[in-house]
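Subject: Structure handover

Hello,

Here is the structure for you to look through. My notes on what was found in it follow below.

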Amino acid sequence: MKWDDLANEPCSVARTVAVIGDRWTLMILRDVFLGIRRFEDFQARLGISRTITAERLKALVDEAVLKKVAYQDRPLRHEYRLTDKGLDLYPVIMAIVNFGDRHYAGEAGPPLLHRHKACGCDFAPVMTCSECHAPLGARDVETRAGPGAV
């Protein structure tokens, strides 16, 4: 399977990886969820070239994960905001953060804590069943063919 063919695979993981599967795109998404919005800020935080920054942001806009919103008229400047589709990536990013915190944070602990605004408590993301709300782990799930299977 070639990288350019992933978007056409009959697999939800492959199609998603085709959009967000490179390291710079994931780092841009991390930064968007941390409140970064402007091109120069992405570039400065990531230390990558203008070309790579522009390519990744354009791809996320083309996929409707981000949208460009003008914040200045003269000269015209835009910032990048998450769309509803982009906001749906939050659990994915939080799962990666949780994995990193558990396995790579080091002795000092995680670099960032996440606090639930409603209750004021720090939390670790937990995946639960949408029907019975029981916590889910890999050994608790089985798969079967869905309507999109070929």
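Y80 is buried, with a relative accessibility of 9%; buried means under 20% relative accessible area, exposed over 50%, and partly exposed in between, with a 1.4 Å probe and protein chains only. This is a predicted model, in which local features need pLDDT of at least 70 and side-chain atom pairs count only at pLDDT 80 or more, while totals for chains, interfaces and linings use all residues. Residues are numbered from 1 along each chain as its sequence is written, and side-chain values use heavy atoms, with hydrogens and water left out.

Aromatic rings

Rings of Phe, Tyr and Trp (its six-membered ring) pair if their centres lie within 6.5 Å; planes under 30 degrees apart count as stacked, over 60 as edge-to-face and the rest as tilted. Three aromatic pairs are counted by this rule. One of them joins F33 and Y90, which are tilted, with 5.2 Å from centre to centre and 55 degrees between the planes. F33 belongs to helix α2 (residues 23-33) and Y90 to helix α6 (residues 90-104), so this pair ties together parts 57 residues apart in sequence. Helices (H or I, at least four residues) and strands (E, at least two) are DSSP runs, numbered from the N terminus. Y90 is partly exposed, at a relative accessible area of 34%.

Y80 is in a pair with F42: the ring centres are 6.3 Å apart and the planes stand at 70 degrees, so the pair is edge-to-face. It links distant parts of the chain, with F42 in helix α3 (residues 39-46) and Y80 in strand β2 (residues 77-82), 38 residues apart. F42 is buried, at 0% relative accessibility.

Another ring has a charge over it: R38 lies over the face of Y71, 3.6 Å from the ring centre. The rule for this is that NZ of Lys or CZ of Arg is within 6 Å of the ring centre and within 35 degrees of the ring normal.

Strands

Strand β1 (residues 66-72) pairs with β2 in the antiparallel sense over six bridges; two strands pair if DSSP finds at least two bridges between them. The two form a hairpin, with four residues between β1 and β2. Within this pairing, V69 stands opposite E79 in β2.

A residue in helix α4

T53 is found in helix α4 (residues 50-62) and is buried, with a relative accessible area of 0%. Apart from its neighbours within four places in sequence, T53 is in contact (heavy atoms within 4.5 Å) with I28, F39, F42, Q43 and I48.

Salt bridges

Over the whole structure, 10 salt bridges are found, each being a side-chain nitrogen of Lys or Arg within 4 Å of a carboxyl oxygen of Asp or Glu. D22 and R56 form one of them, at 3.1 Å from N to O. D22 is in the loop between α1 (12-20) and α2, and R56 is in helix α4, so the pair ties together parts 34 residues apart in sequence. E55 is partly exposed, at 45% relative accessibility.

A further salt bridge joins the side chains of E63 and K85 (3.8 Å, N to O). E63 lies in the loop between α4 and β1 and K85 in helix α5 (residues 84-87), 22 residues apart. E63 is partly exposed at 35% relative accessibility, and K85 is partly exposed at 44%.

Regards
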